[in-house]
Amino acid sequence: MWIPSKLTRPARLHNAIIRPRLLETLDQAPFYRLVLFRSPAGFGKTTMAAQWLNEHPHTGWFNIDENDNDTFRFANYLLQSINKATNNTCPKTQAMAERRQFACLSTLFSELFSELSEYHEQTYLVLDDYHVINNDDIHDGLRFFLKNMPDNITLVVTSRTLPPLGTANLRIRDLLIEVDNDRLAFDEEETERFFSKRVNESIETSVLRNLHQQVEGWPSALQLIALHAQQRPNTLVESAESMANFNRGHLWDYLAEEVFDQLDRETQQFLLQCSVLDIFNAQLVAELTGRSDALAMLESLNRFGLFLNTLEGDNNWYRFHNLFAEFLRHQRYSQIPQQRGELHALAARAWLKQDSPQQALLHAQKCENEALIIEILTDHGWGMYHHGEIKLLEDCLASLKNEQLISHPRLGLLRMWLAQSQHRYNDIGDMIAAAEDAMLCRDIVLDDAIQGEFNALRAQVAINQSKPEEALTLSEQALGQLPSTTYRSRIVATSVVGEVHHCLGNLSRALPMMQQTEKMARQYHVYHQALWALLQQSEILLAQGYVQTAFEVLDQAFKLVKEQHLQQVPLHEFLLRLRAQILWCWNRLDEAEEAALKSLEVLAPYDETKSLHAYSMLARIAITRGEQDKSARYLELCNSMMDRSSYHIDWRANTDLANLLYWQNTGDIENIQQWLAQAEQPEAACNHFQQLQWRNIGRACINMGNYERAESIFYMLEESCVKHNLITDKNRNLVVKAMLSKKQGHRDAALSELQEALSLTNSTGMVGIFLCDGSEICDLIQELVDNKSLNELEMHRARQLLREMTSKERNRSVHFDESFVEKLLNLPDIPELIRTSPLTQREWQVLGLIYTGYSNEQIASELDVASTTIKTHIRNLYQKLNIANRQQAIETAENLLKLMGF
């Protein structure tokens, strides 16, 4: 439950004095990006901002506290304040935030700015007490916000410290209004008006001047002194003298002596009790203190100016001024330390009655009441889990003794699911094993429902660890044990059954299970699981050869992502990756590259090693285009990740394919041999990733000349494809097998295999698999065309492939990789100028890209260097080739290509 008072600004400003010198400066705020009120505590930052924006209709206010260092909480309150200021202009972004469907704040804000594009009213967004934020992710997000927010929004920040929001840059660009403590401090004229409004008697100017000098215009100190003067007339001089050389300890002493000790004991006790709460209303205080007159007491405190700020909104929410709240906590610690646990426990109970288990749990933590923590977690833990309160739950569960978790199995289960939600798969197995051992030692017997939930989790762990048979047994046990109302675990178990059948090659059983999972997940609004089910369906259909249908299922998944604002969840990366894979197979390389790059954006906030699949796909795209240099850079990244992390065979096999294609194209037999010597050999070939790994091994054997082993591998693969209806893998295998048959001298067999592959391609559209080995099979395809042995559709496909292969070879030569340049320089009729003034490899690359038509900026982007560096390379190659301009460079490249036969 969100606390409405965190989104309300101070409402009662009738005692505030008007400060024209500041308001005149603030009138220029619409022309600035940031207004920063920065000063130590008690300088009236919040009051000044509230007074300034009191009449402005489009103002969002966010009262920040330390708990808002949680990025999820911060984002939600921030967006609620924006929606409040803009008449709910950004509902989609708010929904994304509430469902925790964002990877980082910058991606969430990008969606926000898209929604704000049609909103044009001047709007102010106030972040009050930003100094309590110490989360670097939030700082990064707000820097992005400031840099990219619409011009009609001005951010207003109050803070005790200089926030790390790029203020130096804003200051240089004249986009910052900074109101620091020097400007917030009262001048002598304001001090006089301040006291005239609060003290009835006339005050000598010399006294006020002396007072102002002593406190340096500190508004809170002046407020304390004025309050003291109201209670004890003619004491302004004493007050001024007592504030000299103050520090925080002196402030506490002053507040105790001049304010707190002047109150009756009942009011003191009430204040100390309320100080346990950061924010409160009358109902909350009534539960905490047991007083039926809580509202009257709060209003009395407010009237007396005891640093109680009234906030806008229903239920009359209040909070103490920060300085006074600190003072009260100090007093509570020193005067009633024995009541600390009791007060926090009462506060937790009070928050529970406000339907705020998050706040209740925080107080239960503070009083270290394990029984209360267990009670709250038992009653509300799963609800908090579904609302994304991950860190708070983890902290609370970590504070409990292992014995308590064992005695409350559902709490142990919650702790394990928290680990699962963060992909800590290896930890979960150990946690389950430890829990089982502990329960066995204590003779704890689980009922069927809880056992079913544990089995669903065990099944998920087993499939994550590539143990499909174990996962199937556990998931089927779970489904038999779980009641129909335990929908989350039933969805998980059903999904695991589908995954198991997929891994075992039982595609006809896997598909309906995933369709059932999707239906259940949509019914119970578990949209992450629905998205997962759609992705699994697409993979299954792709394996069965229904590539177009698989692509259409991905369209459904994209629709779900858009409707439920799942753009920033990691599964979105999987969706983009699958789309890139199919587009690569269809040789729609630009679209495939776009999808792969978008998947990297989704994964940007995570560990780089999670991006292996995306980079291996980009490498494969570059290889297909003949861009050897670019593919080498991508593969360098991939291999570095492979060295640093452990991956599922699916991920490794895809990266190994890209490596093998690169080594094959560059003639790097040594690396192929090294890879083959240590290559993992799957136990079977009943799914797409096992097929891929065996096909990689077969490809490596062909390159090493071990044709006999390669032939046996492809025979085994063919049997598995037939048994498990793996049509797409059969299509892929036939192309590589044709290459093998050609090298064995079995040309007729190679032609037959290619013709069958072309026939399958008529339905799958898989042309990319031919282009990978274009240099090896181009002559075979040409022979099939020349012999007119293909039907009309196959003939069209073959001619299309020949055109693509020719284009690929041209593109490859245009990029002037090392092998091309070496062949070029060894030609007998190479111009002497080329031979005697050799270009560097980078200069050859630049020449090729000039010939392709790239601008300097495009070349710099392609080679990942600065534009100035490209200009230097161009100047050097012009001098070496004795040419004067770009057109001559293009003509030179064209002549060199002709020498190479292009």
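The structure is a predicted model, in which local features need pLDDT of at least 70 and side-chain atom pairs count only at pLDDT 80 or more, while totals for chains, interfaces and linings use all residues. Residues are numbered from 1 along each chain as its sequence is written, and side-chain values use heavy atoms, with hydrogens and water left out.

A salt bridge is taken as a side-chain nitrogen of Lys or Arg within 4 Å of a carboxyl oxygen of Asp or Glu. By this rule there are 41 salt bridges. One of them joins Arg-143 to Asp-140, with 2.1 Å between the closest N and O atoms. Both residues belong to helix α6 (residues 136–148), where three residues, about one turn of the helix, separate them; helices here are DSSP runs of H or I with at least four residues, numbered from the N terminus. Arg-143 is partly exposed at 33% relative accessible area, and Asp-140 is partly exposed at 39% (buried is under 20%, exposed over 50% and partly exposed in between, with a 1.4 Å probe and protein chains only).

A further salt bridge brings together Glu-287 and Lys-353, at 3.3 Å from N to O. This pair links distant parts of the chain, 66 residues apart: Glu-287 lies in helix α15 (residues 282–289) and Lys-353 in helix α18 (residues 340–353). Glu-287 is partly exposed, at 37% relative accessibility, whereas Lys-353 is exposed, at 61%.

Glu-594 and Lys-598 also form a salt bridge, at 3.4 Å from N to O. Helix α32 (residues 589–602) holds both, four residues apart. Finally, salt bridges with shared partners connect Lys-6, Asp-65, Asp-68 and Arg-73 in one network.

Key:
Helices (H or I, at least four residues) and strands (E, at least two) are DSSP runs, numbered from the N terminus.
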